[in-house]
There are 2 protein chains.
Amino acid sequence: MVNRFLAACRKQKVDRPPVWIMRQAGRYLPEYRALREKAGSFLTLCTNPELAAEATLQPLRRFPLDAAIIFSDILLPLQALGVSFQFPDNGGPRLAQAFAGPEDWAELQAPASWESMEPVAQALRIVRQALPPEVALIGFCGAPWTLACYLLEARGSSDWTKARIAAHRWPSQLQKLLSTLAHAMGEYVAFQVAAGAQAVQVFDSWAGVLPPEQYQELVVPALERLFRSLEGLGVPRILYLGHGSHLLRTVAALPLEVVSVDWRTDLRKAARLTGKVVQGNLDPAVLFASETEVKRHTKAMLQRAPEVGYIANLGHGIWPDTPIAGVEAFLTAIQENP
Amino acid sequence: MVNRFLAACRKQKVDRPPVWIMRQAGRYLPEYRALREKAGSFLTLCTNPELAAEATLQPLRRFPLDAAIIFSDILLPLQALGVSFQFPDNGGPRLAQAFAGPEDWAELQAPASWESMEPVAQALRIVRQALPPEVALIGFCGAPWTLACYLLEARGSSDWTKARIAAHRWPSQLQKLLSTLAHAMGEYVAFQVAAGAQAVQVFDSWAGVLPPEQYQELVVPALERLFRSLEGLGVPRILYLGHGSHLLRTVAALPLEVVSVDWRTDLRKAARLTGKVVQGNLDPAVLFASETEVKRHTKAMLQRAPEVGYIANLGHGIWPDTPIAGVEAFLTAIQENP
């Protein structure tokens, strides 16, 4: 049987668009909530290989998805760089201390080994063995800029003022930090590929807070370094460009196969301006509408998608309280295609 | 002496681009912080005509700005619709109750009179008398969608999930709410014009969370109603399109004169796609850089701006801890132009 996801990443023709859902292993699933409770904490769920594998596989048992994405968090590998943080039960992650200025991040460097991330590798091996060959397994990491946003701010933010100010006050030092993170994340995803990941997605969730010229000058060199380092691995490289409808031209020259776009970005334009395979981009809010409406919006999305080189997905991670019926209607509409 | 701001709004040629700064009366000014302390609360500062006028005038005494914007808040006029809220000293505004579903907002309607907003009118009269004729006075209101975001969520949010879900669950009821808000805000800004406002800016700060088709279907009819109702007043109508680089074509047909764009939007493209006068759009983060860098970025912005029909500004409200030296460098670069 053909692996639709991998075929589409290579711009091969497939019977219907492959589909998976960003954050598909998550709180909208009752079985996930039970597992999370059993684990006791989010970090335990990420670092216990059996539990992480189970969380990864849950959505695959329920839905006809074409890919699994390893259950983890973009901040997790920063532990190997000496960064410590917590995931409180309410609200987003918090770093123990902010890396607010150049002197704070000067010492950060890629670890000599990724041994401490062995639980992630083990979870990948368990999942790969459990999956049929037609379902792909995706590894992932945070993009240098998005990770730097968290390092500088120490917690989530809507406009990332500290990171944006740092980019203007200390451009060369920040560029060095981004390069270090690119180097580290390149090694970390290669480590995931060695354990069974068949594609890698780099999440630049906060790409869009920067204007195009600044993204080009500051961020693109680090992304270039990261994606270039993966060249020899032979796996499709995906960049999630959050809030980035104004950055499409900026990423066109990067050595990667797939650009994953958000719900405000026109799929046709994304394919045209980047020349890449495109992934996305239903608004996660749509899944709260009636099933008829979910199907109508999904079909409209498919009509705007390129015929070859397209992977169906949401334009952002699925929200915790999404109704299962909405997810089912979304997947049915894709399977009914054309 | 020519009023550069009003001339530029009419696409007349001026000696240099007019300039003002979104949220120019605010916490980055030490004299504002002193006034705010004297007032005791943000709401008092907004509703005491002398204090609001003083806050409005402070930046004009310090900087050579071409326009003043009345010191107020987009939520203030919602009091006249029966909505109550607080501005805690830390964090953003909080509504006393959320208008979470259609039954909550069904009763909302434009007030019979704007008498309760008389302090705003009085502040406008004081400011207009104090300003020389070459400095324009701008009134403002929140756009229907942005106000609805606050009503539905009861507080600030980065992705406005509740508002976006409501837009898919109850599209026709939400459209009715937007229409009510458009009607009310149209009357409210007309009330400001009667008191001396010479231009009006409608802040759709959260326009950009919606994709273009949805903005067109759901939001544009309400904006059309609002701007159409101002037609007879003869004052320039400005729309601030926050996070809206993907919505430029969508607003091209609206009856308004100026589109104010954020720091990710290309000014040249904004002018071309909307056909309007454009306003903006320096990233407020730039003002934290060295004076040389602030000037370099400002000159680069001016080079991308249209020669006629352009108003210099930031791409977003100025941040509370902005260094005064950054603001001065920004204004100097504009005065030195070309």
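Asn281(B) sits in strand S8 (residues 277-282) of chain B; strands are DSSP runs of E with at least two residues, helices are H or I runs of at least four, and both are numbered from the N terminus. The bond joining Gly280(B) to Asn281(B) is cis, with omega about -5°. Over in chain A, the Gly280(A) to Asn281(A) peptide bond is cis too, omega near -10°, and Asn281(A) is part of strand S8 (residues 277-282) of that chain. Most peptide bonds are trans.

This is a predicted model, where local features need pLDDT of at least 70, side-chain atom pairs count only at pLDDT 80 or more, and totals for chains, interfaces and linings use all residues. Residues are numbered from 1 along each chain as its sequence is written, with chains lettered from A and ligands numbered from 1 in written order.

## Positive phi away from glycine

His243(A) isn't a glycine, yet its phi is positive, about 55°. Look for His243(A) in the loop between strand S6 (237-241) and strand S7 (258-261) of chain A. His243(A) counts as buried because it has 25 C-beta neighbours inside 10 Å (buried takes 20 or more other C-beta atoms within 10 Å, exposed 12 or fewer, partly exposed in between, with C-beta atoms placed from the backbone).

Ala154(B) also has a positive phi, about 75°, in the loop between helix H7 (144-153) and helix H8 (161-169) of chain B. With 17 C-beta neighbours inside 10 Å, Ala154(B) counts as partly exposed.

## Where the chains meet

Between the chains, 21 residues of chain A contact 21 of chain B (contact: backbone-placed C-beta atoms within 7 Å). Helix H8 (residues 161-169) of chain A gives the largest share of chain A's side, six residues.

Key. Contact = placed C-beta atoms within 7 Å.
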